[in-house]
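Today I'm looking up a few charged pairs and then the core.

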Amino acid sequence: MTTTGRTALRLRRLLITLVTFACVGTATACAGGDDRARVVVTTNILGDITREIVGDQADVTVLMKPNADPHSFGLSAVQAAELEQADLVVHNGLGLEENVLRHVEAARESGVATFEAGAAVDPLTFRAHDDGGPEDGAGQPDPHFWTDPDRVRKAAALIADQVVEHVAGVDEKTVRANADRYDGQLADLTTWMETTFDRIPEERRALVTNHHVFGYLADRFGFRVIGAVVPSGTTLASPSSSDLRSLTEAMRDAGVRTVFADSSQPKRLAEVLRKELGGRVRVVELYSESLTEQGKGAATYLQMMRANTTAMTDGLTGD
């Protein structure tokens, strides 16, 4: 970043801080007035990944709280202002953060560097799944790329590039070393997932979830996606009675006995599906779209993926 660019960024930060202070009237609103470089990240999954790469080289602010739904969480006035005070904004994109993307766009238009991770990792598209019925959003980009750790490796490397290019004052060698270390951990994760999933017989590699979130995992590790209780890539959609009827028929045909439901979302719909099938279906909780607080099972991306892999394997191999 040039000296002129850094000066403009400082001026923009000062102006936004003053406006935020006047509108919100809290001491918190002026926390962004210093010159320390900052990266703002929309989702907590990407926030954890970004923190691993940035380390102590800059402040990393994560907008989405633990256990939140990325499709529905919104921003306070202070958080919206933080986006426009950033050196770099990292967001998932592809429609995931449905209530936040307009704020990201506003930051971009004000001159802040932004990086859309989902669009940069060869995104898949939603499709009509094995139940043969229509799917909301079929043919649209699937934003849930993090369920494939190999795509996360690519995203992490690109985030490192963005940090080096746009965040003033960071030490490039340190950032690259952090990225290399984390890349090794992600490679180990992929190997461990492959070995663990090998325990699941081919005929049982069939997924039914609350909504379509594991397409990348299915593509990478050889699963069939039978369908979802909510036939959509967003939790904001609702199923019809015909959707549930089509899904129960597909589950009977495929011999599926396990439904995976997000631990941060109500499981009522999955429970309804279990009743439709006479109670012969188990509902297994996964951490699909949000990390948890520390000590709650999935405080980091690596913990989340290992917990999910274990739960999926147990759920599909148990009787």
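Is Asp 122 buried or exposed? I looked it up, keeping in mind that this is a predicted model. Asp 122 has a relative accessibility of 53%, so I put it down as exposed, the cut-off being over 50%.

**Entry 1: the partner of Asp 122.** Next I checked what Asp 122 pairs with. Its side chain meets that of Arg 151 in a salt bridge, with 3.7 Å from N to O. Arg 151 sits in helix α5, residues 149–166, while Asp 122 is in the loop between β4 (113–116) and α5, so this pair ties together parts that are 29 residues apart in sequence.

**Entry 2: other charged pairs.** How many salt bridges are there by this rule? I got twelve.

I picked out Asp 59 and Arg 36, whose closest N and O atoms are 2.6 Å apart in a salt bridge. Asp 59 belongs to strand β2 (residues 59–62) and Arg 36 to the loop between α1 (3–24) and β1 (38–41), so the pair links parts 23 residues apart in sequence. Asp 59 is partly exposed at 29% relative accessible area, and Arg 36 is partly exposed at 38%.

Then I went to Glu 105 and Arg 108, a salt bridge with its closest N and O atoms 2.0 Å apart. Where do these two sit? Both are in helix α4 (residues 101–109), three residues apart, which puts about one helical turn between them. Glu 105 is partly exposed, with a relative accessible area of 33%; Arg 108 is partly exposed, with 33% as well.

**Entry 3: the core.** Last stop, the nonpolar side chains. In soluble globular proteins, these tend to be buried together. The largest nonpolar core here has 58 residues. Which residues have the most contacts inside it? I wrote down Ile 49, Phe 145, Leu 217, Phe 223, Tyr 301 and Met 304.

I followed up on Phe 145. Leaving out residues up to four places away in sequence, Phe 145 touches Leu 46, Asn 92, Ala 117, Gly 118, Val 121, Arg 151, Val 152, Ala 155 and Tyr 216. Arg 151 turns up again in that list, and I already had it down as the salt-bridge partner of Asp 122.

Definitions and conventions:
Residues numbered from 1 in each chain as written. Predicted model: local features only at pLDDT ≥ 70, side-chain atom pairs only at ≥ 80, totals over all residues. Heavy atoms only, no water. Core = buried A, V, L, I, M, F, W, Y, C linked by side-chain atoms within 4.5 Å. Buried < 20%, exposed > 50% of the residue type's maximum accessible area, 1.4 Å probe, protein only. Contact = heavy atoms within 4.5 Å. Salt bridge = Lys/Arg side-chain N within 4 Å of Asp/Glu carboxyl O. Helix = DSSP H or I, 4+ residues; strand = E, 2+ residues; numbered from the N terminus.
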